[in-house]
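Good morning, and thank you for coming.

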Amino acid sequence: MAPFASFVEISRYNLIPLSVTSLCGCPCRLLSNQTLIPTRRTPKLKLNVVFHGSKSVFRVRPTSIYVNRRLITAVARAEPESIDASNAEEEVDQGAILPTTKDSFSELQHKSSQLRKRIVFGLGIGISVGGAVLAGGWVFTVALAAAVFLGAREYFELVRSRGITAGMTPPPRYVSRVCSVICAFMPILTLYFGNIDISVTSAAFVVATALLMQRGNPRFAQLSSTMFGLFYCGYLPCFWVKLRCGLAAPALNTRIGAGWPFLLGGQAHWTVGLVATLISFSSIIAADTYAFLGGKAIGKTPLTNISPKKTWEGAIVGLGGCIATSVVLSKILSWPASLVSAIAFGFLNFFGSVFGDLTESMIKRDAGVKDSGSLIPGHGGILDRVDSYIFTEAQMMDSSKRNQFLLAL
C-alpha cells in the first residue's frame, strides 16, 4: 500500500509535510545539519499528526524529550530532497534575476550616457557651425576644409575596411593620405580662385598616374574608389563655399540685417549667400529630425534596402518638415520672396539630403560598419553628421546657372 502524505502541525505555525515512512524510520539516524534537538523540556509544545484523507488527528503530548526528538527528527528528515530542490530552484531564480536586473540597469545607464553625449556635442557642433556660417569668408572656408579632411580620412579608411576589401583591392595608404590633403585644399582654392575645375582635373590625373605606376598589379577598383573619393569628399563640399561666399549680393529686405551691428559688418554682411546657407542648413536639420520622429511614430513601409530603418512614412514627414521650415524662414528673412520659390528650395534641400544620407549608408553597409568613425561621441564619425549636406547644393545645377537662379528668386 502506498504511503499516505501527512503533516506535522507545531502549535499555530504552518504545516510541515511528512511521510509515514519517515516516521517509521529509525530515530537513531539523525541528520546533524537538519535535526532540531530541544535543549530543554517544553511542556507547552503541542504536536499534531494529520493524515490526508482522514479526519482523525493524533495528538502527542511531550512526555519525554525522546518523543520530541523522534518526531522533530522525522520532520527534519521528511523529504529533504524536495526541500533542497526548492531551495536550489529559488537560488537559481534569484541568480537569474539578479544578472538580468544588472544588465537592464547597465543598458539604461549606457543609453542615458549616450543621449547626454549626443545632446551636449550636438549643441556644441550646432553653435560652432552657426558661428562659422555667420562669419563667412576664411573662417567658414577653413572650418569646412577641416571637416573635409576628416571626412576624407574616414572615407578612405572605409574603403580599406574588411567588408569592402573582400571584393576589391583598396588604393595604397600613401595615395589615400595624399587624396585627403587634396580634398582639404579644394574649398580653400574655391574661395581664392572661384572655380577649381582645372585644379581638380589636374589632381585626379596625378593620382591616377601614381596608381598606374605603382608596383604590382594596378586594379581598376583602386582607380574608381580614389576618383570617387576626390569627387565625394572634396569637390562636392566646395559648392557650399560658392553658395556662402560667392553670392555676395546683399539681402536688402532682410529685417535682421537692418539691425545688425556695424562692427560686425552691418546690413551688408547679410548677403544672399548667408541667408541661403542658413535656410539650407536649417531645412536639412528639420528634414532629418522630422523624418526620424515620423519613422518612429508611424513608420511601417521600408524606404530602401540600403537603410532598412528608413521608411516612406518618415520620408514624407521629413519632406513636410523641410518645406515648412524653408517657408517659415523665408518669411522671417524675406528671402526668397516667392512662396513657390521657398517650397522649391525646401524640396531640393530635402532630396539632396536624402540622397547624401543613402549614399553614405551604402558605403557603410559594404564596409560592414555602423558608423564611419568615432570622432564625435554619441554621433559617430564626421561623415555620419555631414552626409546629408554633401549633395544638397551640388545637385541644383552648375554654379553660374545656380547663381542666376537664386538671384532671380
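In which helix does Phe121 lie? Phe121 belongs to helix α3, which covers residues 80-135. Please keep in mind throughout that this is a predicted model. Phe121 has a relative accessible area of 36%, and because a residue must be under 20% to be called buried and over 50% to be called exposed, Phe121 is classed as partly exposed. Together with Val120, Ile125 and Val129, Phe121 makes a nonpolar surface patch of about 300 Å².

Let me now turn to the protein as a whole. The model contains 15 helices and four strands. The protein has 409 residues, of which 37% count as buried. Among contacts with a separation of 6 or more, 67% are between residues 24 or more positions apart.

I continue with the interior. In soluble globular proteins, nonpolar side chains tend to be buried together. Here, the largest nonpolar core has 50 residues, and Tyr155, Tyr232 and Trp240 are those with the most contacts inside it. Several helices supply at least two residues each to this core, including α4 (137-159), α8 (220-235) and α13 (339-367). The largest share, eight residues, comes from α4.

What does Tyr155 contact, leaving aside its neighbours within four places in sequence? Its partners are Ser225, Phe228, Gly229, Tyr232, Cys233, Ile363 and Leu383. Tyr232, one of these partners, is also among the core residues with the most contacts.

Next, the cysteines. How many disulfides does a search of the whole structure find? The search finds zero. For Cys179, the nearest cysteine sulfur is that of Cys183, 6.5 Å away. Since a disulfide requires two cysteine sulfur atoms within 2.5 Å, Cys179 is in no disulfide. Cys183 is in no disulfide either; its nearest cysteine sulfur is that of Cys233, at 5.6 Å. Cys179 is buried, with a relative accessible area of 0%, and Cys183 is likewise buried at 0%.

Thr311 is placed in the loop between α11 and α12. Is Thr311 buried or exposed? Its relative accessibility is 10%, so Thr311 counts as buried. Not counting residues up to four places away in sequence, Thr311 touches Gly295, Gly299, Lys300, Thr301, Pro302 and Leu303.

Thank you for your attention.

Terms used:
Residues are numbered from 1 along each chain as its sequence is written. This is a predicted model: local features need pLDDT of at least 70, side-chain atom pairs count only at pLDDT 80 or more; totals for chains, interfaces and linings use all residues. Side-chain values use heavy atoms; hydrogens and water are left out. A nonpolar core is a set of buried Ala, Val, Leu, Ile, Met, Phe, Trp, Tyr and Cys residues joined through side-chain atoms within 4.5 Å. Buried means under 20% relative accessible area, exposed over 50%, partly exposed in between (1.4 Å probe, protein chains only). Contact means heavy atoms within 4.5 Å. Patches are made of residues with over 30% relative accessible area and no salt bridge: like charges are joined within 9 Å, nonpolar side chains (Val, Leu, Ile, Met, Phe, Trp, Tyr) within 5 Å. Accessible areas come from the Shrake-Rupley method with a 1.4 Å probe; for residues, only the protein chains shown count as cover. A salt bridge is a side-chain nitrogen of Lys or Arg within 4 Å of a carboxyl oxygen of Asp or Glu.
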